[in-house]
Amino acid sequence: MKLVPLFLAGAIALSGCHREELSKPLIAIIVPSQDNPYFKAEGDAAAARAQQLGYRTRIDAHNDDAYRQDNLIDAAIASGAKAIVLDNAGSESSISAVRRAKAEGIAVFLIDREIQVTGVANAQIIADNHQGSRIVAEEFARATKEGEYAELLGRESDTNAQIRTKGFHEILDTAPQLKLVAAQSANWSQAEAFQKTETILQAHAKLAGIIAGNDTMALGAAAAVKSSGRKGIVVTGFDGSPDAATAIRSGELQATSLQPAVVISRLAVDEADRFLKTGSTGKLEKQIIPCDLVTRANVDDYRDFEKIR
(Lines give C-alpha, C1' and ligand atoms only; values in the text may rest on other atoms or scores of the structure.)
Protein backbone atom coordinates (compact mmCIF):
# COMPACT_ATOMS: atom_id res chain seq x y z
CA MET A 1 0.00 0.00 0.00
CA LYS A 2 1.29 3.39 -0.93
CA LEU A 3 1.68 5.69 2.09
CA VAL A 4 0.48 9.29 1.91
CA PRO A 5 3.03 11.69 3.43
CA LEU A 6 1.85 13.15 6.71
CA PHE A 7 2.03 16.78 5.53
CA LEU A 8 -0.02 15.91 2.42
CA ALA A 9 -2.67 14.14 4.52
CA GLY A 10 -2.87 17.24 6.72
CA ALA A 11 -3.23 19.52 3.73
CA ILE A 12 -6.03 17.36 2.31
CA ALA A 13 -7.84 17.40 5.65
CA LEU A 14 -7.51 21.17 5.92
CA SER A 15 -8.75 21.58 2.37
CA GLY A 16 -11.79 19.48 3.23
CA CYS A 17 -12.49 21.59 6.30
CA HIS A 18 -12.14 24.75 4.22
CA ARG A 19 -14.62 23.47 1.62
CA GLU A 20 -17.03 22.51 4.39
CA GLU A 21 -16.75 25.99 5.93
CA LEU A 22 -17.31 27.70 2.57
CA SER A 23 -20.41 25.58 1.97
CA LYS A 24 -22.13 27.27 4.92
CA PRO A 25 -24.35 30.30 4.19
CA LEU A 26 -22.71 33.64 4.97
CA ILE A 27 -23.99 36.28 7.38
CA ALA A 28 -22.08 39.55 6.99
CA ILE A 29 -21.78 41.60 10.18
CA ILE A 30 -20.95 45.28 9.77
CA VAL A 31 -20.34 47.47 12.82
CA PRO A 32 -19.00 51.02 13.28
CA SER A 33 -15.70 49.91 14.85
CA GLN A 34 -13.92 46.86 16.16
CA ASP A 35 -11.82 48.97 18.54
CA ASN A 36 -14.73 50.40 20.55
CA PRO A 37 -15.71 47.79 23.20
CA TYR A 38 -19.44 48.28 22.65
CA PHE A 39 -19.31 47.72 18.91
CA LYS A 40 -16.83 44.86 19.30
CA ALA A 41 -19.20 43.19 21.76
CA GLU A 42 -22.14 43.42 19.39
CA GLY A 43 -20.08 42.09 16.45
CA ASP A 44 -18.62 39.22 18.47
CA ALA A 45 -22.03 38.29 19.92
CA ALA A 46 -23.64 38.25 16.47
CA ALA A 47 -20.83 36.13 15.02
CA ALA A 48 -20.90 33.64 17.89
CA ARG A 49 -24.66 33.18 17.58
CA ALA A 50 -24.51 32.82 13.80
CA GLN A 51 -21.77 30.20 14.02
CA GLN A 52 -23.81 28.29 16.61
CA LEU A 53 -26.65 28.23 14.08
CA GLY A 54 -24.43 26.89 11.30
CA TYR A 55 -23.47 30.02 9.40
CA ARG A 56 -20.08 31.35 8.49
CA THR A 57 -19.53 34.98 9.33
CA ARG A 58 -17.44 37.96 8.40
CA ILE A 59 -17.14 41.06 10.59
CA ASP A 60 -16.20 44.42 9.07
CA ALA A 61 -16.20 48.00 10.37
CA HIS A 62 -17.30 51.13 8.49
CA ASN A 63 -15.79 53.62 10.98
CA ASP A 64 -18.96 55.74 10.71
CA ASP A 65 -18.08 56.41 7.08
CA ALA A 66 -21.14 56.03 4.81
CA TYR A 67 -18.93 55.59 1.73
CA ARG A 68 -17.00 52.75 3.37
CA GLN A 69 -20.32 51.25 4.49
CA ASP A 70 -21.52 51.28 0.86
CA ASN A 71 -18.39 49.39 -0.18
CA LEU A 72 -18.88 46.82 2.57
CA ILE A 73 -22.52 46.28 1.55
CA ASP A 74 -21.35 45.80 -2.05
CA ALA A 75 -18.75 43.30 -0.83
CA ALA A 76 -21.43 41.39 1.08
CA ILE A 77 -23.58 41.28 -2.07
CA ALA A 78 -20.63 40.09 -4.17
CA SER A 79 -19.84 37.40 -1.58
CA GLY A 80 -23.35 35.99 -1.78
CA ALA A 81 -24.28 36.81 1.83
CA LYS A 82 -27.71 35.55 2.82
CA ALA A 83 -28.18 38.19 5.51
CA ILE A 84 -26.49 41.32 6.83
CA VAL A 85 -26.46 42.40 10.47
CA LEU A 86 -25.69 46.12 10.37
CA ASP A 87 -25.04 48.83 12.96
CA ASN A 88 -25.30 51.58 10.39
CA ALA A 89 -23.26 54.67 9.59
CA GLY A 90 -26.14 57.14 9.63
CA SER A 91 -29.92 57.11 9.74
CA GLU A 92 -30.29 58.92 6.41
CA SER A 93 -27.12 57.94 4.58
CA SER A 94 -27.69 54.22 5.16
CA ILE A 95 -31.12 53.94 3.55
CA SER A 96 -29.89 53.52 -0.03
CA ALA A 97 -27.34 50.89 1.01
CA VAL A 98 -30.00 48.85 2.80
CA ARG A 99 -32.33 49.17 -0.22
CA ARG A 100 -29.53 47.95 -2.52
CA ALA A 101 -28.91 44.86 -0.41
CA LYS A 102 -32.64 44.09 -0.25
CA ALA A 103 -32.92 44.48 -4.03
CA GLU A 104 -30.27 41.75 -4.33
CA GLY A 105 -32.36 39.45 -2.13
CA ILE A 106 -30.27 39.88 1.03
CA ALA A 107 -32.13 40.21 4.32
CA VAL A 108 -30.92 43.15 6.42
CA PHE A 109 -31.19 43.35 10.21
CA LEU A 110 -30.32 46.68 11.78
CA ILE A 111 -29.01 46.84 15.33
CA ASP A 112 -28.29 49.75 17.70
CA ARG A 113 -29.20 52.52 15.24
CA GLU A 114 -32.45 52.83 13.33
CA ILE A 115 -33.06 54.41 9.93
CA GLN A 116 -35.76 56.94 9.19
CA VAL A 117 -37.90 54.69 6.99
CA THR A 118 -39.73 51.44 7.55
CA GLY A 119 -40.36 48.58 5.12
CA VAL A 120 -36.77 48.47 3.90
CA ALA A 121 -34.91 46.54 6.61
CA ASN A 122 -36.27 43.19 7.82
CA ALA A 123 -35.84 44.33 11.40
CA GLN A 124 -34.60 47.33 13.37
CA ILE A 125 -33.65 46.18 16.87
CA ILE A 126 -32.44 49.03 19.03
CA ALA A 127 -31.87 49.90 22.66
CA ASP A 128 -34.40 52.27 24.19
CA ASN A 129 -32.10 55.28 24.29
CA HIS A 130 -34.90 57.53 25.50
CA GLN A 131 -35.78 55.33 28.48
CA GLY A 132 -32.08 54.70 29.16
CA SER A 133 -31.25 58.40 29.21
CA ARG A 134 -34.11 59.16 31.59
CA ILE A 135 -33.11 56.51 34.16
CA VAL A 136 -29.48 57.61 34.27
CA ALA A 137 -30.54 61.28 34.47
CA GLU A 138 -32.74 60.43 37.45
CA GLU A 139 -29.75 58.79 39.17
CA PHE A 140 -27.54 61.79 38.25
CA ALA A 141 -30.08 64.21 39.77
CA ARG A 142 -30.44 62.08 42.90
CA ALA A 143 -26.68 61.83 43.45
CA THR A 144 -25.81 65.42 42.54
CA LYS A 145 -28.60 66.87 44.71
CA GLU A 146 -27.96 70.52 43.78
CA GLY A 147 -25.55 72.90 42.09
CA GLU A 148 -23.98 73.44 38.68
CA TYR A 149 -23.55 70.69 36.15
CA ALA A 150 -22.17 70.17 32.64
CA GLU A 151 -23.23 67.92 29.79
CA LEU A 152 -20.96 66.18 27.29
CA LEU A 153 -22.85 65.31 24.12
CA GLY A 154 -22.05 62.75 21.44
CA ARG A 155 -21.61 63.47 17.75
CA GLU A 156 -24.37 65.93 16.96
CA SER A 157 -25.35 64.21 13.67
CA ASP A 158 -25.93 60.91 15.48
CA THR A 159 -29.60 60.15 16.20
CA ASN A 160 -28.74 58.41 19.46
CA ALA A 161 -26.88 61.50 20.69
CA GLN A 162 -29.97 63.60 20.04
CA ILE A 163 -32.32 61.14 21.75
CA ARG A 164 -30.07 60.86 24.82
CA THR A 165 -29.73 64.60 25.39
CA LYS A 166 -33.49 64.98 24.99
CA GLY A 167 -34.06 62.30 27.65
CA PHE A 168 -31.51 63.90 30.00
CA HIS A 169 -33.25 67.25 29.80
CA GLU A 170 -36.74 65.84 30.27
CA ILE A 171 -35.54 64.96 33.79
CA LEU A 172 -32.91 67.59 34.63
CA ASP A 173 -34.83 70.59 33.36
CA THR A 174 -37.51 69.84 35.94
CA ALA A 175 -34.94 69.92 38.79
CA PRO A 176 -34.63 73.63 39.76
CA GLN A 177 -31.82 72.87 42.19
CA LEU A 178 -29.60 71.88 39.24
CA LYS A 179 -28.18 74.49 36.86
CA LEU A 180 -26.67 73.62 33.47
CA VAL A 181 -23.55 75.78 32.97
CA ALA A 182 -21.88 74.04 30.01
CA ALA A 183 -22.99 71.71 27.21
CA GLN A 184 -20.42 70.67 24.62
CA SER A 185 -20.00 67.86 22.11
CA ALA A 186 -16.99 65.64 22.70
CA ASN A 187 -17.91 63.51 19.66
CA TRP A 188 -18.00 60.24 21.64
CA SER A 189 -14.23 60.65 22.21
CA GLN A 190 -12.48 60.00 25.52
CA ALA A 191 -9.53 62.27 24.68
CA GLU A 192 -11.82 65.09 23.58
CA ALA A 193 -13.95 64.67 26.71
CA PHE A 194 -10.83 64.91 28.86
CA GLN A 195 -9.76 68.16 27.21
CA LYS A 196 -13.20 69.74 27.32
CA THR A 197 -13.74 68.74 30.94
CA GLU A 198 -10.42 70.34 31.91
CA THR A 199 -11.65 73.62 30.39
CA ILE A 200 -15.08 73.33 32.03
CA LEU A 201 -13.51 72.66 35.45
CA GLN A 202 -11.30 75.74 35.12
CA ALA A 203 -14.33 77.90 34.27
CA HIS A 204 -16.66 76.52 36.94
CA ALA A 205 -15.12 76.15 40.38
CA LYS A 206 -18.38 74.95 41.92
CA LEU A 207 -19.22 72.27 39.36
CA ALA A 208 -21.14 69.43 41.04
CA GLY A 209 -21.71 66.99 38.20
CA ILE A 210 -21.05 65.94 34.60
CA ILE A 211 -23.57 63.89 32.63
CA ALA A 212 -22.13 62.29 29.50
CA GLY A 213 -23.80 60.80 26.44
CA ASN A 214 -21.64 57.67 26.50
CA ASP A 215 -19.21 55.85 28.74
CA THR A 216 -16.16 56.76 26.71
CA MET A 217 -16.77 60.47 27.29
CA ALA A 218 -17.71 59.84 30.93
CA LEU A 219 -14.38 58.07 31.49
CA GLY A 220 -12.55 60.99 29.88
CA ALA A 221 -14.44 63.40 32.15
CA ALA A 222 -13.73 61.27 35.24
CA ALA A 223 -10.02 61.20 34.37
CA ALA A 224 -9.97 65.00 34.05
CA VAL A 225 -11.74 65.38 37.40
CA LYS A 226 -9.21 63.05 39.02
CA SER A 227 -6.31 64.92 37.40
CA SER A 228 -7.66 68.23 38.72
CA GLY A 229 -7.76 66.96 42.29
CA ARG A 230 -11.38 68.05 42.64
CA LYS A 231 -13.59 65.83 44.81
CA GLY A 232 -17.29 65.09 44.97
CA ILE A 233 -18.14 65.69 41.30
CA VAL A 234 -20.77 63.20 40.11
CA VAL A 235 -20.10 61.69 36.67
CA THR A 236 -22.46 59.39 34.76
CA GLY A 237 -22.19 57.65 31.41
CA PHE A 238 -24.22 55.58 28.97
CA ASP A 239 -23.53 52.16 27.38
CA GLY A 240 -22.62 49.89 30.29
CA SER A 241 -19.07 49.16 29.15
CA PRO A 242 -16.67 46.97 31.18
CA ASP A 243 -14.43 50.01 31.77
CA ALA A 244 -17.41 51.97 33.09
CA ALA A 245 -18.27 49.08 35.41
CA THR A 246 -14.72 49.16 36.79
CA ALA A 247 -14.98 52.93 37.31
CA ILE A 248 -18.31 52.49 39.11
CA ARG A 249 -16.74 49.95 41.47
CA SER A 250 -13.92 52.39 42.26
CA GLY A 251 -16.33 55.31 42.73
CA GLU A 252 -15.03 57.35 39.77
CA LEU A 253 -18.39 57.00 37.99
CA GLN A 254 -21.78 57.16 39.66
CA ALA A 255 -23.77 55.17 37.11
CA THR A 256 -24.26 54.17 33.51
CA SER A 257 -27.20 53.06 31.44
CA LEU A 258 -26.46 49.66 29.95
CA GLN A 259 -27.48 49.05 26.37
CA PRO A 260 -28.03 45.31 25.99
CA ALA A 261 -25.71 44.95 23.00
CA VAL A 262 -25.30 41.20 23.34
CA VAL A 263 -29.05 40.55 23.62
CA ILE A 264 -29.76 42.76 20.60
CA SER A 265 -27.11 41.08 18.44
CA ARG A 266 -28.34 37.61 19.31
CA LEU A 267 -31.92 38.63 18.57
CA ALA A 268 -30.89 39.96 15.17
CA VAL A 269 -29.17 36.70 14.23
CA ASP A 270 -32.02 34.56 15.58
CA GLU A 271 -34.49 36.56 13.49
CA ALA A 272 -32.24 36.35 10.44
CA ASP A 273 -32.10 32.58 10.85
CA ARG A 274 -35.89 32.38 11.23
CA PHE A 275 -36.43 34.58 8.20
CA LEU A 276 -34.05 32.56 6.03
CA LYS A 277 -35.80 29.32 7.02
CA THR A 278 -39.44 30.44 7.03
CA GLY A 279 -39.65 33.72 5.12
CA SER A 280 -40.75 35.65 8.20
CA THR A 281 -39.13 36.91 11.41
CA GLY A 282 -42.44 36.60 13.26
CA LYS A 283 -41.74 40.01 14.83
CA LEU A 284 -42.53 43.65 14.20
CA GLU A 285 -39.87 45.46 12.20
CA LYS A 286 -39.06 47.97 14.97
CA GLN A 287 -38.18 46.38 18.29
CA ILE A 288 -37.14 48.53 21.25
CA ILE A 289 -35.13 46.82 24.00
CA PRO A 290 -35.01 48.57 27.42
CA CYS A 291 -31.74 49.68 29.02
CA ASP A 292 -30.69 48.86 32.60
CA LEU A 293 -29.40 51.35 35.18
CA VAL A 294 -26.05 50.16 36.54
CA THR A 295 -24.80 51.55 39.85
CA ARG A 296 -22.44 50.37 42.57
CA ALA A 297 -25.36 48.44 44.09
CA ASN A 298 -25.83 46.11 41.11
CA VAL A 299 -22.68 46.45 38.98
CA ASP A 300 -21.63 42.83 39.62
CA ASP A 301 -24.84 41.65 37.95
CA TYR A 302 -23.43 42.72 34.55
CA ARG A 303 -20.49 41.69 32.43
CA ASP A 304 -19.48 42.62 28.88
CA PHE A 305 -22.74 44.45 28.05
CA GLU A 306 -24.87 41.61 29.36
CA LYS A 307 -26.87 40.92 32.52
CA ILE A 308 -25.44 37.70 33.92
CA ARG A 309 -27.59 37.19 37.02
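I started at Trp188, which counts as buried because its relative accessibility is 16%; buried means under 20% relative accessible area, exposed over 50%, and partly exposed lies in between (1.4 Å probe, protein chains only). The model is predicted, with local features needing pLDDT of at least 70, side-chain atom pairs counting only at pLDDT 80 or more, and totals for chains, interfaces and linings using all residues. Residues are numbered from 1 along each chain as its sequence is written, and side-chain values use heavy atoms, with hydrogens and water left out.

**Two backbone angles**

I looked up the phi of Trp188 and found a value near 70°, positive in a residue other than glycine. Most residues other than glycine have a negative phi. Trp188 lies in the loop between strand E7 (178-185) and helix H7 (190-203). Helices (H or I, at least four residues) and strands (E, at least two) are DSSP runs, numbered from the N terminus.

I then turned to Asn63. Its phi is near 55°, again a positive value in a residue other than glycine. Asn63 sits in the loop between strand E2 (56-61) and helix H3 (66-78). Is Asn63 buried or exposed? Asn63 counts as exposed, because its relative accessibility is 52%.

**The whole chain**

I noted ten helices and 14 strands in the protein chain. The C-alpha atoms fill a box of roughly 85 × 45 × 35 Å along the principal axes. Of the 309 residues, 50% count as buried.

**Two domains**

I read the domain assignment: domain 1 (15-126 + 261-288) and domain 2 (129-258). Such bounds come from an automatic or database domain assignment. The centres of domain 1 and domain 2, taken over C-alpha atoms, are 31 Å apart.

How many residues of domain 1 are in contact with domain 2? I found seven, in contact with six residues of domain 2; contact means heavy atoms within 4.5 Å.

Next I checked the area. Domain 1 and domain 2 bury about 560 Å² between them, 38% of it on carbon and sulfur atoms. Pro37, Tyr38 and Arg113 supply 45% of the area that domain 1 buries against domain 2, more than any other three residues. Buried area is the accessible area (1.4 Å probe) that two parts lose on being put together, summed over both.

**Charges at the interface**

I looked for salt bridges (a side-chain nitrogen of Lys or Arg within 4 Å of a carboxyl oxygen of Asp or Glu). The rule finds two across the interface of domain 1 and domain 2. I also looked up Arg113 and Asp158, whose side chains meet in a salt bridge at 3.8 Å, N to O.
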